[in-house]
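Biologist: I would like to learn how to read a model of this kind, one feature at a time. Could we go through it together, beginning with a helix?

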Amino acid sequence: MARKSQALTDRRSGAAHESFLRHRGFFYLKYAAVVSVCAIAVYALTDPTPRHNGGTWLGYTLGVVSALLIVWLTLLGLRKRAITAGRWSLKGWTSAHIYLGLSLIVLATLHTGFQFGWNVHTLAYALMMIVIVSGAFGVYFYATIPQRMSDNRAEKSTEQMLEEIAALDDDLREAAQPLSGENALLVQRAIERTRLGGGVLERLRTSHPQCASGRALAALKAQRGGSEDVGPVTAVLERKIVMLERARRHIRYRALLELWLYIHVPATFGLLAALIAHIVSVFFFW
Amino acid sequence: MTATLRFVTRRANGRETVRTVETASNLLAVGRAPECDIHLPDLRVALRHAQITVVSGGFVIDASGDNVFSVNRRSVRKLEGRLGAPAAAQFGPYTLTFSEAAGRLVIDIERVQQTAAAAAPDADAVFSLKSTWLSKRAASWAAALLVGAVFLAFPLASYTMKPNAVAPAARIQAGQLWLSGELSDPHKLLAGDCSACHEAAFVSVRDETCVGCHEDTAHHAKPDRMTLARGAPSMVQRGLRTVADTFNKPAGRCAECHAEHNGADGVAPADAQSCTTCHDGMQARLPDAAVHDASDFGRDHPEFRPTLVAVADPKAPTLTRQWTVPDLDRARKEREALLKPPAGAAACDGFAAGQPNFRGLPHPGAGAGLPESARAGDDSGLVFPHDVHLAKDGCVASLAQRLDAGFGDQLACADCHTPTESGAGFLPVSMEKSCASCHSLVFETVGGLTRTLPHGQTNAVIATLLDFYQARVVGAALGGEGAEDRRRPGAAAQRTAGFREAAFAQASGRAAARVRAVFAEGGACYGCHEITPPTAPERLDFAVAPVTLRDTFLPKGVFDHGAHEIGDLACADCHAAETSRTSADVLVPSIAGCQDCHGGEHAMAKVQSSCVMCHGFHAEDPAAPKLGPTRALREARLFAPAPHPARSLFREVATR
């Protein structure tokens with residue numbers, strides 16, 4: 001039995017990948033769940049005067065724990081810049097970040113005692129929830145997208161993708177040499193005006209009807225059987241379209257992987273400011 | 001003429017390779033088509049873009065069709081050049097440079113614009129959001145600074161700057177941003193000024209601030225007794241106390257119980273825990289406490305112990321709380337058995353001579369003495385049988401019908417007991433309002449003028465009767481009004497001094513007889529009051545036993561009668577007045593009746609009732625109306641002069 005578990009451990013540590021969600025057999029998930037359940041139990045079993053809020057002994061305790069937790073969770077931003085292995089590996093840290101961050105939903109909500117209003121206290125709570133929800137999106141994307149991204153890339157680096165497209169453009173130039181003005185212009189536009197990336201929304205889009213290459217291909221295909229032999233050009237264009245789609249999927253995946261952070265991080269700093277204001281206001285009007 | 005074509009290719013390292021072609025023709029085709037003399041393989045160049053004609057001493061470039069080329073960045077369709085004069089023409093990415101060498105036209109053909117492939121873009125710029133306008137850093141700074149400015153700097157500034165340096169509206173707004181919860185109704189007025197209660201920054205709200213307005217609020221009990229009643233704190237409580245002390249929240253502050261910012265009706269603690277901390281098992285810690293232990297209205301609450309009159313005295317009655325409601329009920333049943341009127345006697349016969357006194361207590365001069373066990377009751381000093389007054393038939397009912405004074409066929413509770421304006425309680429019963437319409441104090445009607453005895457002052461009653469009847473007899477003797485045998489004018493002279501003397505003696509005797517009659521059986525006072533006979537038979541110093549009527553028998557609790565007008569619930573459902581024969585009976589229902597509907601604070605299928613539903617906390621003047629803690633607080637005197645800002649704010653609003 002002992003040998004078997006040893007073998008399992010070896011296999012696990014030797015395995016190429018153990019996701020940040022499953023880290024150490026969901027250790028931090030269990031930890032966060034126990035903390036949350038305890039908090040709910042104490043909340044349910046105590047009946048403070050005149051009601052639950054941030055000012056009871058439980059309220060202050062939950063508030064202090066939540067505030068320290070928020071500060072620690074924020075430190076992931078510093079910690080992630082130093083990748084280490086072992087017990088306090090970055091992966092472990094990330095796993096704890098996610099599960100303890102989610103437990104804040106319970107701790108901070110109980111801290112409020114379900115008293116909400118248009119004030120700095122609820123602002124801090126709302127910003128915290130924005131941070132957590134955006135983080136949950138991040139977890140979802142990081143759990144699902146890398147695999148799809150890897151499948152899509154087909155072992156190619158981003159530089160290779162761009163080089164391939166550039167090479168296809170060269171082929172296009174070559175293949176389009178015999179073409180007359182109109183068609184040459186179409187191909188030329190396909191080379192010069194095909195855009196990768198662009199604005200935030202464009203990166204998230206799954207179809208790109210305005211793509212110059214796509215339009216050129218459609219126009220040339222329509223001429224099949226005409227006076228000019230567009231066969232070689234359309235063949236190259238079709239290959240280019242495939243490459244473009246792959247690159248655009250990659251761009252979209254990258255955008256999904258990155259976009260939530262553009263909410264998560266600024267909301268975190270807003271939250272830190274609101275948290276300071278919340279604490280100062282409580283003690284100022286003590 | 002011929003020309004030399006030099007196809008120049010520049011390498012990345014700067015070296016150039018030149019392929020030289022000597023042409024034999026004067027006409028040079030320029031275009032993308034491979035058969036062109038000057039083959040320019042770029043899609044911006046037409047298949048047959050232009051033609052160069054080499055002429056003597058120069059050349060001419062003619063663009064074909066709609067094609068153009070550029071010279072000095074201008075689009076042209078034709079260019080004529082001289083041999084020896086340098087010239088350049090641009091076809092798409094290619095530059096054709098014309099020069100002369102040994103009398104021959106030399107054309108350098110070089111691709112000057114790089115292909116897209118040559119300038120490899122930065123992959124990260126293409127694939128990452130970093131190349132968009134989004135910026136985590138800028139957004140983070142903006143969020144932090146905005147929140148910090150609006151929610152921290154602005155309120156801090158508005159409360160640390162001098163009051164007159166900040167617009168009141170800005171101060172109110174700042175307070176709203178920091179408001180930790182809705183204020184209770186009575187304090188809502190203060191929401192505009194946090195510093196009305198939070199007088200100093202980082203200092204918890206002090207009792208002096210509260211008492212600034214609530215100056216009449218009394219302590220619950222002596223502080224040392226309360227400490228004893230609370231018992232030794234547990235380890236948890238000691239820990240919490242230490243933390244609170246560390247954070248500058250001293251023990252026993254008003255705000256410890258009166259937690260503000262918890263909603264409209266939150267400031268008066270409504271839970272039982274505040275009370276049961278002491279009152280649960282308090283007898284063990286404080287054996288001499290007057291109150292019994294209580295921890296839950298449904299399960300652990302002592303039986304009601306009405307506060308009764310032991311010795312009536314209008315000014316300072318002696319009160320007692322020695323009996324519980326069941327004690328009183330047992331004594332009442334015993335009295336009923338002992339004081340049963342003889343068979344066949346009418347309801348009013350109790351008034352007749354020889355019948356038991358309705359008072360039912362062994363009072364000096366009362367009828368039958370009662371055993372000790374039957375004496376538990378209220379000794380108000382008044383004789384009042386509820387059963388006689390509420391009977392369907394009998395003397396009272398028939399009088400009510402005869403009087404035509406708005407009574408129905410019989411008297412109802414409401415005929416004497418008038419609810420207060422709030423409906424919670426009842427106004428005191430008074431002789432003038434409730435009894436006098438039947439129990440008239442009119443003793444004589446002469447010439448349409450009624451003469452009434454003054455109620456409540458025995459000496460005044462005696463004096464009134466003596467004055468009236470003596471005056472009347474004397475008047476008759478003088479031939480004035482009321483004379484019994486009128487004489488003819490002029491006969492006065494015949495009246496002798498002896499006659500006058502006899503008349504005065506007769507007048508005194510008759511007046512005294514009237515006085516005795518009023519206090520004797522069947523007289524106006526006798527029915528309701530205990531009369532002490534004169535000290536000597538010839539004297540008239542009758543005394544009426546003092547009367548003390550309780551407004552409430554349970555002064556430590558508040559019972560809202562108005563709130564209990566449910567369905568067809570009648571007075572008699574709780575108060576057994578219809579069978580009560582003596583005024584010693586206490587008609588307060590037992591707690592069991594309350595517990596039919598009311599349970600403790602956490603009762604499952606009953607009205608959840610915590611201590612403060614009936615009890616107030618702060619000791620109050622017994623004469624003050626008992627309206628419950630919240631109302632009492634609201635009625636705290638707001639308008640007495642005091643320097644406190646909160647009070648002046650209240651005054652300002654109230655006078656608006």
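Biologist: How many of the 12 residues of α6(B) are buried?

Modeller: This is a predicted model, and burial is judged in it by counting neighbours, with a residue called buried if 20 or more other C-beta atoms lie within 10 Å of its own. By that count the number of buried residues in α6(B) is 0, so the helix is hardly covered. Helix α6 of chain B runs over residues 235-246 and reaches 16 Å from its first C-alpha to its last, close to the 16 Å expected at 1.5 Å a residue. After α6(B) comes B:N248, with a positive phi near 65°.

Biologist: Which residues are buried in α10(B)?

Modeller: In α10(B) the buried residues are B:V325, B:L328, B:A331, B:R332 and B:R335. Looking down the axis of α10(B), one finds these buried residues within an arc of 125°, so they line one face of the helix. On the other side of α10(B), B:K333 and B:A337 are exposed. The helix itself covers residues 325-338 of chain B, and its 14 residues reach 20 Å from first C-alpha to last, close to the 20 Å expected at 1.5 Å a residue.

Biologist: Where does A:F114 lie, and is A:F114 buried or exposed?

Modeller: A:F114 belongs to the loop between α5 (90-112) and α6 (120-153) of chain A, and A:F114 is exposed, having 9 other C-beta atoms within 10 Å. B:N72 sits in the loop between β7 (69-71) and β8 (74-76) of chain B, and B:N72 is exposed, with 9 other C-beta atoms within 10 Å.

Biologist: How should I read a sheet, and what is the order of the strands in the open sheet of chain B?

Modeller: In general, strands of a sheet pair through backbone hydrogen bonds, either parallel or antiparallel. The open sheet of chain B has 5 strands in the order β4-β3-β5-β6-β9, and its pairing is mixed. Its edge strands are β4 (38-39) and β9 (78-82) of chain B, each of which pairs on one side only. For one pair within the sheet, strand β3 (residues 27-31) and strand β5 (residues 50-55) of chain B run antiparallel and are joined by 4 bridges. Here B:L27 stands opposite B:T53 in β5(B).

Biologist: How many residues does each chain bring to the contact between chain A and chain B?

Modeller: Chain B brings 51 residues to the contact and chain A brings 59 residues. On the side of chain B that touches chain A, α1 (123-127), α2 (136-160), α3 (168-178) and α8 (273-279) of chain B each supply at least two residues. The largest share of that side comes from α2(B), with 10 residues. By class, the side of chain B that touches chain A holds 31 nonpolar, 16 polar and 4 charged residues.

Biologist: What can one residue of helix α2 of chain B, B:L156, show me?

Modeller: B:L156 lies in helix α2 of chain B and is partly exposed, with 17 other C-beta atoms within 10 Å. Between B:L156 and B:G175 there are 9.9 Å in space, C-alpha to C-alpha, although the two are 19 residues apart in sequence.

Biologist: How many helices and strands does each chain have?

Modeller: Chain A has 11 helices and 0 strands, whereas the secondary structure of chain B comes to 19 helices and 20 strands. Buried residues make up 37% of the 286 residues in chain A and 24% of the 656 residues in chain B. Among contacts with a separation of 6 or more, residues 24 or more positions apart account for 76% in chain A and for 53% in chain B.

Biologist: Where in chain A is confidence lowest, and where is it highest?

Modeller: The lowest confidence in chain A is in helix α1 (residues 2-14), at a mean of 42, and the highest is in helix α3 (residues 57-74), at 94. Over residues 1-16 of chain A the pLDDT is below 50, and beyond near neighbours in sequence this stretch has 1 contact in the model. Chain A averages a pLDDT of 86, with 93% of the residues scoring at least 70.

Notes
Residues are numbered from 1 along each chain as its sequence is written. Chains are lettered from A and ligands numbered from 1 in the order in which they are written. This is a predicted model: local features need pLDDT of at least 70, side-chain atom pairs count only at pLDDT 80 or more; totals for chains, interfaces and linings use all residues. pLDDT is the predictor's confidence in each residue, from 0 to 100. Two residues are in contact if their C-beta atoms, placed from the backbone, lie within 7 Å. Two strands pair if DSSP finds at least two bridges between them. The expected span of a helix is 1.5 Å times one less than its number of residues. Ala, Val, Leu, Ile, Met, Phe, Trp, Tyr, Cys and Pro count as nonpolar, Asp, Glu, Lys and Arg as charged, and the others, Gly among them, as polar. The arc is that of the directions from the helix axis to the C-beta atoms.
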